[in-house]
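Me: Could you walk me through a helix packing and a few salt bridges in a model I have open?

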Amino acid sequence: MITLRKITLENRRAIFNLEVSEDQRRFVASNLSSVASCYVLATNGGHPFPFAIYADEQPIGFVMITYRITGYELPAIADDSYCILRLMIDKQYQNRGYGREAMKKILEFIRTFPAGPAHFCWISYKADNVAAKKLYESFGFRDNGEICEEELITALRL
């Protein structure tokens with residue numbers, strides 16, 4: 001069973017040690033860097049939501065959700081929208097359906113509108129990240145034609 005859990009003093013090191021495979025590192029920042037970005041966002045008017053992704057009692061991944069601002073270039077739909085800024089599953093847990101199950105939980109959380117109302121959830125991705133594009137499209141995300149920081153923007157109406 002997949003759950004999203006707060007990052008705590010007890011689980012932080014396990015989360016920081018999770019990694020994607022070597023060929024995927026260009027697609028996602030480290031979890032330590034992402035958690036640091038959460039602190040910067042939170043202290044500068046942002047609304048970050050970092051979570052450890054667990055399969056039963058095993059930490060297997062990380063997600064960082066933001067509301068409105070991300071600290072990066074924003075697409076036109078960013079106002080009053082949620083962004084899945086980071087999503088990773090550790091290399092030893094990939095190709096088991098965990099990413100798909102995690103995405104279900106992530107979207108359930110976003111649809112509670114924890115930081116405010118929204119019409120969209122958006123994600124940016126590199127054009128050559130075919131696996132990510134397929135995953136996002138399977139949930140109804142569609143490219144909106146925008147490119148920010150050399151990444152395509154795909155959005156889901158909430």
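Here are some questions and answers on this predicted model.

Me: How are helix α3 and helix α4 oriented to each other: roughly parallel, roughly perpendicular or oblique?
Reply: Helix α3 (residues 98-110) packs on helix α4 (residues 130-138) at an angle of about 45°, with the axes 11 Å apart. Angles under 35 degrees would count as roughly parallel and 65 to 115 as roughly perpendicular. The two helices are therefore oblique.

Me: Which residues of α4 make the contact with α3?
Reply: On the α3 side, Gly99, Arg100 and Met103 take part. The contact residues divide into 3 nonpolar, 2 polar and 1 charged. From α4 come Leu135, Tyr136 and Ser138.

Me: How many residues apart in sequence are the parts tied together by aspartate 143 and lysine 133?
Reply: Nice one to look up in the viewer. These two side chains form a salt bridge with the closest N and O atoms 3.2 Å apart, and Glu137 joins Lys133 and Asp143 in a network of salt bridges. Aspartate 143 sits in strand β6 and lysine 133 in helix α4, so the parts tied together are 10 residues apart.

Definitions and conventions
Residues are numbered from 1 along each chain as its sequence is written. This is a predicted model: local features need pLDDT of at least 70, side-chain atom pairs count only at pLDDT 80 or more; totals for chains, interfaces and linings use all residues. Side-chain values use heavy atoms; hydrogens and water are left out. Axes are lines fitted to C-alpha atoms, for helices over the stretch in contact, and angles run from 0 to 180 degrees between N-to-C directions. Helices (H or I, at least four residues) and strands (E, at least two) are DSSP runs, numbered from the N terminus. Angles under 35 degrees count as roughly parallel, over 145 as roughly antiparallel, 65 to 115 as roughly perpendicular and the rest as oblique. Contact means heavy atoms within 4.5 Å. Ala, Val, Leu, Ile, Met, Phe, Trp, Tyr, Cys and Pro count as nonpolar, Asp, Glu, Lys and Arg as charged, and the others, Gly among them, as polar. A salt bridge is a side-chain nitrogen of Lys or Arg within 4 Å of a carboxyl oxygen of Asp or Glu.
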